[in-house]
Amino acid sequence: MRKHSVRGIFSAGLRLKCPSCGEGNLFSGMFKMCSECSRCHFKFEREMGYFVGAMYINYGATIIMAFAGFFALNYLTPIAFYLNAILWTVFCVLFPIFFFRYSRSLWLSFDYIVNPAEPPDPHPEGVSSVHQHTPSQSQERSNRDG
Ligand SMILES: [Zn+2]
């Protein structure tokens, strides 16, 4: 049940906003991602290891831009080979740091377009865990009582 168009979702992604409502911030700091949207409570990390896809986006974007930039400068300018190599090596170190937040945001946007439904919450609110009996609680109770 997607609320926005594909364009709107990617637009929110480029602004580092929630793909679901387009208003909540994805990040609370430079590299600190919120666990869920402050507006609509959409959960950002949808499963364990969810942002591995973002690493691929970041890596792919860096390599494509570095190779394209290297060959463009190599053929279009009289830049020395070693200077060109140093330039794009530095780029390969700095660009992924800059692009980190955008790669996560774009990955989240892409995944939200493909699979907008959130997986069911295994512990929905309202169902109290007090009534669930675990062996450790029973043991604790018997130790306390006896
Ligand atoms: Zn939201």
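Biologist: Which residues does Ile57 touch, not counting residues up to four places away in sequence?

Modeller: Once residues up to four places away in sequence are left out, Ile57 touches Ser103, Leu106 and Trp107. Two residues are in contact if their C-beta atoms, placed from the backbone, lie within 7 Å. This is a predicted model, in which local features need pLDDT of at least 70, side-chain atom pairs count only at pLDDT 80 or more, and totals for chains, interfaces and linings use all residues. Residues are numbered from 1 along each chain as its sequence is written.

Biologist: Why does Ile57 count as partly exposed?

Modeller: A residue is buried if 20 or more other C-beta atoms, placed from the backbone, lie within 10 Å of its own, exposed if 12 or fewer, and partly exposed in between. Ile57 has 18 C-beta neighbours inside 10 Å, and therefore counts as partly exposed. The residue lies in helix H2. Its C-alpha atom is separated by 8.3 Å from that of Arg104, 47 residues apart along the chain.

Biologist: What is the mean pLDDT of the protein chain?

Modeller: The mean is 85, and 78% of the residues reach 70 or more. Over residues 127-142, however, the pLDDT is below 50, and that stretch has one contact in the model beyond near neighbours in sequence. pLDDT is the predictor's confidence in each residue, from 0 to 100.

Biologist: What does the secondary structure of the protein chain come to?

Modeller: There are four helices and zero strands, and the order from the N terminus is α-α-α-α. Helices (H or I, at least four residues) and strands (E, at least two) are DSSP runs, numbered from the N terminus. Of the 146 residues of the protein chain, 16% count as buried.

Biologist: What makes the buried residues of H1 line one face of the helix?

Modeller: The buried residues of H1 (residues 6-14) are Ile9, Ala12 and Gly13. Seen down the axis of H1, they fall within an arc of 105°, so they line one face. The arc is that of the directions from the helix axis to the C-beta atoms. What covers these buried residues includes helix H3 (81-114). The face of H1 turned away from the buried side carries the exposed residues Arg7 and Leu14.

Biologist: What can be said of the phi of Leu16?

Modeller: Leu16 has a phi near 60°, a positive value in a residue other than glycine. Most residues other than glycine have a negative phi. Leu16 lies in the loop between H1 and helix H2 (52-76). Phi of His41 is likewise positive, near 60°, and His41 is in the loop between H1 and H2.

Biologist: Why do Leu16 and His41 count as partly exposed?

Modeller: Leu16 has 16 C-beta neighbours inside 10 Å and His41 has 13. Each count falls between the limits for exposed and buried, so each residue is partly exposed. The C-alpha atoms of His41 and Cys21, 20 residues apart along the chain, are separated by 9.4 Å.

Biologist: Which residues are in contact with Arg39, leaving aside its neighbours within four places in sequence?

Modeller: Arg39 is in contact with Cys18, Cys21, Glu23 and Gly24. Arg39 lies in the loop between H1 and H2, and its 14 C-beta neighbours inside 10 Å make it partly exposed.

Biologist: At what angle do H2 and H3 pack?

Modeller: H2 and H3 pack at about 145°, with their axes 8 Å apart. Axes are lines fitted to C-alpha atoms, for helices over the stretch in contact, and angles run from 0 to 180 degrees between N-to-C directions. The residues of this contact include Ala61, Met65 and Phe70 of H2 and Trp88, Phe95 and Phe99 of H3.

Biologist: How many residues of the contact of H2 with H3 are nonpolar, polar and charged?

Modeller: The residues divide into 16 nonpolar, seven polar and one charged. Ala, Val, Leu, Ile, Met, Phe, Trp, Tyr, Cys and Pro count as nonpolar, Asp, Glu, Lys and Arg as charged, and the others, Gly among them, as polar.
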